[in-house]
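Here is a brief report on one protein model.

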Amino acid sequence: MIGPMMNNAGLYWIAIEVTTLISTFLVAYEHEATSIEAAWKYIIVVSAGISLALLGTILFYWSGTFVLGPTYDMTWDALRDIAPKLNPALVSLSFLLVLIGYGTKVGLAPMHTWLPDAHSEGPAPVSALLSGALLNTAMVGIVRYLAVADAAGISTLARGTVLSLGGFSLFVAALFIVRQTGVKRLMAYSSVEHMGVIAIGFGFGGSLGIAGALYHMLNHSLNKSLMFFGAGSVMRAYGAKRISKIRLVGQCFPIVGALWLAGAVAITGAPPFGLFLSELTIIRAGLAGSHWLLVALIAVLLIVIFIGFLNHFVYMYFDELHGKPGKMAAISAWCVVPMGLALLPVFVMGLWWPDRLWDHFLSIAVSLSTTSAGSP
């Protein structure tokens, strides 16, 4: 994943587009009708969004030519330095284009339509890669351009739009999670939820908001890998993708069942796991910034998601009315080890936030904004 390390906005766009092209073949890996359809939907929708991001990048470069001349190195630092001298209307249009473009890749609603299909139809490791790595890679672009927007003096528009998309993503995820019928689609809409939470954290800004969002990105990547690995193993064992066909997981597969259930509790933001701490930090950032109404909305939606998500696991683990399932395939120990390795750090980081990690996040927050305050 070289995208986040790109110091040039144009090269960053190229890296994001390359990940789109490569991951399309991974989504269609199983060569089934549904996976091929999901791959086509993925590349069409995401490429359309990335095209808007390219247009926004070009407009950003064009606006810089009025300050630096017809040719210059379009590094992130260069954009930050000249941002106060750029035309506010042109910068606003450019930012909205890159936000929609990279927001499509991130899976923010309402540009998320490709995500449930791609994440649910690809193999479990591919789903873990898409949700745990590629979504974060695209989010980095939004964050970098958000810093440019702040320097250009359009923070109200930029942060307000980011917060709106983040809140709407939470709302959409809550609606679909409650009524979901597919196992991996349930995990996919959970990704929409958490990308919304991360966007809200960066929208709040400050040391608390940025650190909370970065910590959430780390915890979500680990936790969602656990959830997709568990979903893949359970689906293969039961030979089914629908939640209604999977039951008594804990009795049939005690170790996998325990790890997967712990991951489900963690992914809903419940203590004592890392996502609880990161979500709490983001909420604190909202309260510090007097975003009381949005914080209340976030709290309500997170509660709805918590109840709706775990209600599906109650059925898959404790439904005895339909009797025990028939013959099932065994789950290899090699499928269990990655789940344990992912759960352990999520649990540890929910109990203890290392000072060095906080200092690192704080330094990032300082580099992205002129002011920072607060501590975990």
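The accessible surface of the protein comes to about 15,600 Å². Carbon and sulfur atoms hold 70% of that area. The model is predicted.

**Overall form**

The protein has 15 helices and zero strands. Its radius of gyration is 21 Å, close to the 21 Å that the globule rule gives for 376 residues, so the protein is as compact as a globular protein of that length. Along the principal axes, the C-alpha atoms fill a box of roughly 70 × 45 × 35 Å. Of the 376 residues, 57% count as buried. Among contacts with a separation of 6 or more, 80% are between residues 24 or more positions apart.

**Helix H4 and its ends**

Helix H4 covers residues 88-106, 19 residues in total. From first C-alpha to last it reaches 26 Å, close to the 27 Å expected at 1.5 Å a residue. H4 is mostly covered, with 14 of its 19 residues buried. At its start, a side-chain oxygen of asparagine 87 comes to within 2.9 Å of the backbone nitrogen of alanine 89. After H4 comes glycine 107, which has a positive phi near 95°.

Most residues other than glycine have a negative phi, and most peptide bonds are trans. The sites below depart from that pattern.

| Site | Feature | Value |
|---|---|---|
| Alanine 109 – proline 110 | cis peptide bond | omega about 5° |
| Proline 271 – proline 272 | cis peptide bond | omega about 5° |
| Leucine 248 | positive phi | about 55° |
| Serine 290 | positive phi | about 65° |

Where do these sites lie? Proline 110 is in the loop between H4 and helix H5 (114-121). Proline 272 is in the loop between helix H11 (254-267) and helix H12 (274-288). The loop between helix H9 (206-238) and helix H10 (249-252) holds leucine 248. Leucine 248 is buried, at 2% relative accessibility. Serine 290 sits in the loop between H12 and helix H13 (292-318).

**Cysteines**

How many disulfides does a search of the whole structure find? The count is zero. Cysteine 252 is in no disulfide, and the nearest cysteine sulfur, that of cysteine 335, is 17 Å away. A disulfide needs the two sulfur atoms within 2.5 Å, so a gap of 17 Å rules this pair out. Cysteine 252 is partly exposed, at 27% relative accessibility. Cysteine 335 is also partly exposed, with a relative accessible area of 32%.

Technical notes. Residues numbered from 1 in each chain as written. Heavy atoms only, no water. Helix = DSSP H or I, 4+ residues; strand = E, 2+ residues; numbered from the N terminus. Expected span 1.5 Å × (residues − 1). Buried < 20%, exposed > 50% of the residue type's maximum accessible area, 1.4 Å probe, protein only. Polar contact = N/O pair within 3.5 Å; in protein donor to acceptor, adjacent residues only side chain to side chain. Rg over C-alpha atoms; globule rule 2.2 N^0.38 Å. Contact = heavy atoms within 4.5 Å. Areas by Shrake-Rupley, 256 points an atom, 1.4 Å probe, with all protein chains shown as cover.
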